[in-house]
Each structure stands twice: as structure tokens, then as C-alpha cells.
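Welcome! Take a moment with the sequence and the model below, and then read on for a short tour.

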Amino acid sequence: MIKREKQGKIYHFNPELINNILALIKNPNSFSIDNCTKEQLATLMDAIANFLDKIRPEEVTVTVEEHETEEQAREYFGEEFITELNGLITKMDKEETIVSIHGAPLSACETICETGVHYKSPQIRSIAVPQKAEFGQKPVELDSFESLLNWSHKQRKGLVLIAVPYECYYKEGLWEHFSDEEYGYRIRPEFIVGYIDVENKKIVLNPRYKRDHDYSGLEPDSEIFHKNDKLNNDSVAEIMIETSKWIAELKKEEEQKEKVVEETDEIKDSDLREEELDDKVESLMRIFNGITHSDETSMSEEKYKQMIRDLKEITSLFVKVLPKLPTEEEMRKLVEQQSQFPFVEMPQHEAQQEQAFDFDPDEYFKNEEWAFKDEGQQPKF
């Protein structure tokens, strides 16, 4: 992780204005298209606009943390380490195992090699990340050393290498259930190849590791195991190879689709599903609850920009929905009619088409304070 100082902004806000917004949406269901009125939604939009108007930016010196690039990570580890690790993963691959990495405190890695990896349930995907495999076709060359340098779970600097045999996917158990206490499952030391010491850029092998196991008494992994008596390791490898090809093709198709899809703010009438409005109001509640989860009265520039993007999307839909809503008077008459004819479904009143609240997100969010300098991050307002 690279730390550096730069000039940036923090954004001061009034938490009372957020409380006002949250008070208006105590019950998101009241904002369903069947229940909501023009005045009700306009009041909410007015409260959001008032909150945004009162936000005040301040120029400050901030410390930012950035992940190294892949090139920088490879330079950090060095060619000797990279060759050694790729060679070790290739050896495990040829021995018909798939290597998964479990992040741990560096000080705990020796103990893990001696006693195993402990967890509360038999689910390896919950504690370890599977690495690239070639299923014996060619040498393995890992794609991301940056992810090893900046491990996603708590930036761990000890990376435990667990070799999961193919047979644990269809025939054999992987976990020993040794206790009824909370962390009563473990993967035995014989499955642990060793660990990566990220700080010292070295691989420490576990002398207890072995490829051949006595599976007696071991329980199958509850996520990766699918019993199939017709399979063997060769057929499993074939299935995994075909699956990898299919995933690669699917990924390529998705990338091509993303290139041709044009982003638009337009929301068609047919897209205004009945549940859409209250869905967005629930999202609004999550946004503002997230801002006020601490006692702070300011937010970082990154958090501020994300909030603006989210609010832009939500208020754009509000503007589209608003003309379709009845006024309070129209809603009162509708309820009155339904009370007189309780067994007849009354048609929803066609609301007037003029907009009851003058709020244009495309214009409102063009405020120069929200004009992002980083064009790569700028949403298409």
C-alpha cells in the first residue's frame, strides 16, 4: 500500500437535515405508487435539495492510500520469488489439487501449519480464495501479484496455501469436525503446503504437507462438494477445463456488451414498475443511514462523490414518477370512493401531467462544486 499526501476536500453537512429526511421516510411502503401523493414526494425531494444546498466543502491536506500497480507489485516481490511461487502452484496443479489462499496474521502462520486452519463451518470458500489453475495442461503463471501484496482481508501479510485435492470435490471429505465449540472444524496440516511471508518476500514450506490423505472421518465441504460416483480425477479435470473456457467466453461476451451499451438517464414509462418507487426510497434510507452511522459531520471526497451519484439516480426517477402521482385531494377522493364500493377495484386516477415540483437533477447536479475533475470518475449527468 502506497501512502501519499495531497490537497483534497472534505464536505461538511448538517446531520439534522438528514434526520429530517429520514423522518419523512419512516415507512418506505408509504411511497409505493399506490399510496404516495405528489405533495408527499415533493416534500421529500425538497428536503433532499435543502440538505445538498447546505453542504459546505473545505480544502484540506489528506492522506490517501493507493494499491500498487501490478508492475509495482511484481517489482516488489522480484523475479526469483515470482518464479518460485509459480513453480510451486504448478507442482500442486500437476498433483491434481487446486490451491486456495487463506489470509492470516504473519505471526500465526507457523501455528496454522502445525494445527491446521480452523473455522466455524466446513466452507473453504468462506476463508480462502482459489488461485489460477491449468489442470495439468501447462505451467501456471499467476495473474495478480498485486492482490497478494494487498490481500483483500485486512491486508494480511501471511498467506496460507491450502491444496484441495480434486477428489474433495466429488468423493472425499476435507474437514475434520473435532469439537462442538464455535470454531470446531479444521483443515488438517497435511493439506497445508506452506505460507507466503509477504513482508519478507519468501515462501515457507510446511513439512507436514502430503498429497496422499486418509479421508476417514473427514466431512465434505458444504459448498464445493457434489457427490458423483461416476467421476474420477481425470474427468473432473476435463470438466474444469471446459468450465474455464465457458467462463472466459462469457466474460468476453459481457465485455463486448458493455462497449456497445449506451448509458442514458431516460426512464421509460414501462420501466416504472409499481415497486420501483419504494425500492428507491429504501435505497435513499440506506444512503443517509450510512452517512450518519457515526457522530461525524463531514465526509470524504470519495464518499461525497458516491453519494452524489446515488442521489442523482434516485431523484431522476422521482422526477419521472412525480407527474403520475395523485394529489392529496385526488387520493382522498379515491379512498372515499373505495370505501363506498369496497368490492370494486377502482382505477387509479390519471394525475395531471404538469410537474408539481420544480426539481431537475440534470441541472441541479451540475453545480460546479460537484463537477468532478477526474473525468474517468465523472458520471454522465
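Predicted model: local features only at pLDDT ≥ 70, side-chain atom pairs only at ≥ 80, totals over all residues.

Residues are numbered from 1 along each chain as its sequence is written, and side-chain values use heavy atoms, with hydrogens and water left out.

**The chain as a whole**

- The chain holds 11 helices and 11 strands; these are DSSP runs numbered from the N terminus, with helices being H or I of at least four residues and strands being E of at least two.
- Of the 381 residues in the chain, 42% are buried. Buried means under 20% relative accessible area, exposed means over 50%, and partly exposed lies in between (1.4 Å probe, protein chains only).
- The chain exposes about 22,400 Å², and carbon and sulfur atoms supply 47% of that area. Such areas come from the Shrake-Rupley method with a 1.4 Å probe, and for residues only the protein chains shown count as cover.
- Among contacts with a separation of 6 or more, 83% are between residues 24 or more positions apart; a contact means heavy atoms within 4.5 Å.

- Side chains of opposite charge can pair when their charged atoms come close.
- How many salt bridges are there? The count comes to 14, where a salt bridge is a side-chain nitrogen of Lys or Arg within 4 Å of a carboxyl oxygen of Asp or Glu.
- R74 and E70 form one of them, with their closest N and O atoms 2.9 Å apart.
- Both R74 and E70 sit in helix α3 (residues 70-77), 4 residues apart, which is about one turn of the helix.
- R74 is partly exposed at 29% relative accessibility, and E70 is also partly exposed, at 24%.
- E71 belongs to helix α3 too, and E71 is exposed, with a relative accessible area of 66%.

- R186 pairs with E176 in a salt bridge, the closest N and O atoms being 2.8 Å apart. R186 lies in strand β8 (residues 185-187) and E176 in strand β7 (residues 176-177), so this pair ties together parts that are 10 residues apart in sequence.
- R188 is in the loop between β8 and β9 (192-197) and E176 is in strand β7, so the pair ties together parts that are 12 residues apart in sequence.
- Elsewhere, a network of salt bridges links K132, E134 and D143.

**Cysteines**

- A disulfide is a covalent bond between the sulfur atoms of two cysteines.
- A search of the whole structure finds 0 disulfides, counting a pair of cysteine sulfur atoms within 2.5 Å as one.
- C109 is buried, with a relative accessible area of 0%, and C113 counts as buried at 2%.
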